[in-house]
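Here is a briefing for a first look at this structure. Please keep the sequence and the model in view while reading.

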Amino acid sequence: MTQRSITRAWAVDASCLGNPGPMEYRGVDLTTGHVIFHFGPIKGTNNIGEFLAIVHAMALMYQRGITGYTIYSDSVNAQLWVKKQKCKTTLKREPETEQALNLIQRAETWLKTHSFRVPVEKWNTKEWGEIPADFGRK
């Protein structure tokens, strides 16, 4: 499979400058290449951003009645956290991280109160290149 052959899917990714640091995430439609959503920056970590991006994509698909799609993420940790409905971050609670921690709580609650699920697959960077939602800051 090539990147161009993937349809009916969204790709999500996060970027964080520092750990923790300014974090943002976004989702991209793989058919059109258009950015569907973008959030941040707020103080957080890359793993938090990856987790929130997947849940944001799921919630947006639910809200819009979108079915039959796949979400691609290059983060194994975030995929596991979504599956377990728990973000296993060690981010310390302080005024600058309050927004990220509140979003995590909201995302975990959404996962526990909504049965809506779509396949969340690992983006194969080695074969397909960088995930289209990548911020290009490596």
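This is a predicted model: local features need pLDDT of at least 70, side-chain atom pairs count only at pLDDT 80 or more; totals for chains, interfaces and linings use all residues.

Residues are numbered from 1 along each chain as its sequence is written, and side-chain values use heavy atoms, with hydrogens and water left out.

**Nonpolar cores**

- The largest nonpolar core holds 35 residues. Here a core is a set of buried Ala, Val, Leu, Ile, Met, Phe, Trp, Tyr and Cys residues joined through side-chain atoms within 4.5 Å. Buried means under 20% relative accessible area, exposed means over 50%, and partly exposed lies in between (1.4 Å probe, protein chains only).
- Trp10, Phe51, Leu52, Met58 and Met61 have the most contacts inside this core.
- Six elements each supply at least two of its residues: strand 1 (9–16), strand 2 (21–29), strand 3 (35–44), helix 1 (46–64), helix 2 (76–84) and helix 3 (98–113). Helices (H or I, at least four residues) and strands (E, at least two) are DSSP runs, numbered from the N terminus.
- Helix 1 gives the largest share of this core, 10 residues.
- A second, separate core has 10 residues, including Ala9, Ala11, Val28 and Leu30.
- In soluble globular proteins, nonpolar side chains tend to be buried together.

**Helix 2**

- Ala78, Gln79, Trp81 and Val82 are the buried residues of helix 2. Seen down the helix axis, they fall within an arc of 160 degrees, so they line one face. The arc is taken from the directions from the helix axis to the C-beta atoms.
- These buried residues pack against helix 1, strand 4, helix 3 and strand 5 (120–122). Contact here means heavy atoms within 4.5 Å.
- On the other side of helix 2, Val76, Lys83 and Lys84 are exposed.
- Serine 75 lies in the loop between strand 4 (70–73) and helix 2. Serine 75 is buried, at 8% relative accessible area.
- Serine 75 caps the N-terminal end of helix 2, with a side-chain oxygen 3.0 Å from the backbone nitrogen of alanine 78.
- Serine 75 also touches Asn47 and Glu50, not counting residues up to four places away in sequence.

**Cysteines**

- The count of disulfides is 0. A disulfide is a pair of cysteine sulfur atoms within 2.5 Å.
- Cysteine 16 is in no disulfide, and the nearest cysteine sulfur, that of cysteine 87, is 13 Å away.
- Cysteine 16 counts as buried at 16% relative accessibility, and cysteine 87 counts as buried at 5%.

**Backbone features**

- Most residues other than glycine have a negative phi, and most peptide bonds are trans.
- Glutamine 85 is not a glycine, yet has a positive phi of about 60 degrees. Glutamine 85 sits in the loop between helix 2 and helix 3. At 25% relative accessibility, glutamine 85 is partly exposed.
- Asparagine 19 and proline 20 are joined by a cis peptide bond, with omega about 0 degrees. Proline 20 lies in the loop between strand 1 and strand 2.
- Glycine 40 and proline 41 are also joined by a cis peptide bond, with omega about 10 degrees. Proline 41 is found in strand 3.

**After helix 4**

- Glycine 136 is in the segment after helix 4 (125–128). Glycine 136 is exposed, at 61% relative accessible area.

Technical notes:
A polar contact is a pair of N or O atoms within 3.5 Å; within protein, one must be able to donate a hydrogen and the other to accept it, and residues adjacent in sequence count only if both atoms are side-chain atoms.
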